[in-house]
Amino acid sequence: MVAPGGQGLWQPRGSGLLVAVVGLSVVALVVHGAIALLLLHGTVRPPVAADRPVGRPTPTATTPKPTTTPAPTSPPPSTGTPGSAAPAAAGALHLDHACLVADNPPTSAHIPSGDPFGSDLSHLGSGAELQRLYDVHSGTLEPADAAGPVRECDRRLWAIVVAATPVEVLEYVDELLVFDADVSAGTAVGEVFAQPNSTEASAHWRLSLALNNSTDLDVTFNVAHEVGHLLSLNRAEMTGQDESSCQGIFMGEGCLKDRATLATYIDDTWGDDVLDEWSTADDLTDDQQQADAFDAFYEKHHDQFVDAYAATHPVEDFAESFAMWCALGPSSPLLPDFIEGDPTDGAAKLAWFDDPSHAVGLQARARREALQAFTR
Ligand SMILES: [Zn+2]
């Protein structure tokens, strides 16, 4: 498989309420002057009720790839939010519990032949069941699966996505795929998938989300995680160069600009030694050895990550930290249920998004107000 894609599992903790999963793809990192190619793909760990997750996303294909500062106790004042129109009113966000049942009945939905993202859903985990597929046109959903009008549950899910996503980033979302995750099998509950075989893969994305067996908070966190990927991997973050001409960090979706959000985040929050340690673990080809190495890596550096999943990859670290910052915020009383290890773990990562020199935080600030009002 040459298309970027994949997912990981975000594990329940504390209350045991959450089994969220997240997705991402193919990245490359500059490590000590060399371009380290790696693939983050595939995943699916069984859900566990323990405070600390086990396992990690497992690479399934070979495609080119890449101190704590006290967290503020209250959100900084809103300032200009470049490019961000006002999000949907918080009061408009609502998910009926009927949308969150453990198992939805099958639908007649099918992915049309010729869909640029393909019809293979295996990367969403075994047992993933297509519920609906929508094209996104001008920010609204249009059924693409010959299965009737937009469902109310999906309309409400989309309202959360819209509320969470800056308009200039939402433009990169071509499709919304709603599926039922096989939670008992640890199936993914969210993924972003860059269009394969496109000259501008980073400009075209399918967002896949599962609502089944979730809470409002699960859904919000999952959406925020995937939005974190979209914020950091979209076309505006890329130079347009191919891998051979990329002078910096090459991802499956393209070559990151010098001052790209993700490049800056990695540069600011991953020291060379930690990145090198992680890269050594990531290079292991034996799945069990790699899982053990990642467990050991997280144990050693847990204070630098919001949770174990964040420690599995810099791209996931960005998305997971962003989701924590966006859906919950550093002052949320729910945070201890999400943060694994010490409650201050990952505080520097959350604070990074509050730094006014990082545009992504300004871009997303108004969004998070809407999300946090919804999950409060
Ligand atoms: Zn992810």
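**Salt bridges, helix contact and loops in a predicted model**

Student: Which residue forms a salt bridge with Asp 145?
Tutor: A salt bridge is a side-chain nitrogen of Lys or Arg within 4 Å of a carboxyl oxygen of Asp or Glu. For Asp 145, the closest N and O atoms of the pair are 2.5 Å apart. The partner is Arg 132.

Student: What kind of model is this, and what pLDDT do local features need?
Tutor: Residues are numbered from 1 along each chain as its sequence is written, and side-chain values use heavy atoms, with hydrogens and water left out. The model is predicted: side-chain atom pairs count only at pLDDT 80 or more, totals for chains, interfaces and linings use all residues, and local features need pLDDT of at least 70.

Student: How many residues apart in sequence are the parts that Asp 145 and Arg 132 tie together?
Tutor: Helices (H or I, at least four residues) and strands (E, at least two) are DSSP runs, numbered from the N terminus. Asp 145 lies in the loop between β6 (140-143) and α1, while Arg 132 belongs to strand β5 (residues 129-137). The pair therefore ties together parts whose separation in sequence, in residues, is 13.

Student: Are Asp 145 and Arg 132 buried or exposed?
Tutor: Relative accessible area decides this: under 20% is buried, over 50% is exposed, and in between is partly exposed (1.4 Å probe, protein chains only). Asp 145 and Arg 132 both fall in one class, which is buried.

Student: Which helices does the salt bridge of Lys 349 and Asp 317 tie together?
Tutor: The side chains of Lys 349 and Asp 317 meet at 2.8 Å, N to O. Lys 349 lies in residues 347-354 and Asp 317 in residues 314-328, so the pair ties together parts 32 residues apart in sequence, helix α9 and helix α7.

Student: Which residue meets Arg 368 in a salt bridge?
Tutor: The N to O distance is 3.5 Å in this pair. Arg 368 lies in helix α10 and its partner in helix α9, so the pair ties together parts 14 residues apart in sequence. Both residues are buried. The partner of Arg 368 is Asp 354.

Student: How many salt bridges does the whole structure hold?
Tutor: Some of them form a network, which links Asp 115, Glu 175 and Arg 206. Glu 175 is found in strand β7 (residues 173-180) and is buried, with a relative accessible area of 3%. A search of the whole structure gives a salt bridge count of 11.

Student: At what angle do the axes of α1 and α10 cross?
Tutor: Axes are lines fitted to C-alpha atoms, for helices over the stretch in contact, and angles run from 0 to 180 degrees between N-to-C directions. The axes of helix α1 (residues 152-164) and helix α10 (residues 359-375) come within 7 Å and cross at roughly 140°.

Student: Why is α1 called oblique to α10, and which residues of α10 make the contact?
Tutor: Angles under 35 degrees count as roughly parallel, over 145 as roughly antiparallel, 65 to 115 as roughly perpendicular and the rest as oblique. The crossing angle, roughly 140°, therefore makes α1 oblique to α10. With contact meaning heavy atoms within 4.5 Å, α1 supplies Ile 160, Val 162, Ala 163 and Ala 164, and α10 supplies Arg 367, Ala 370, Leu 371 and Phe 374.

Student: Where is His 110 found?
Tutor: Not counting residues up to four places away in sequence, His 110 touches Leu 130, Ala 144, Asp 145 and Ala 146. At 44% relative accessibility, His 110 counts as partly exposed. Its place is the loop between β4 (34-39) and β5.

Student: What phi does Asn 197 have?
Tutor: Asn 197 lies in the loop between β8 (190-194) and β9 (205-210), and at 75% relative accessibility Asn 197 counts as exposed. Asn 197 is a residue other than glycine, yet its phi is positive, near 55°.
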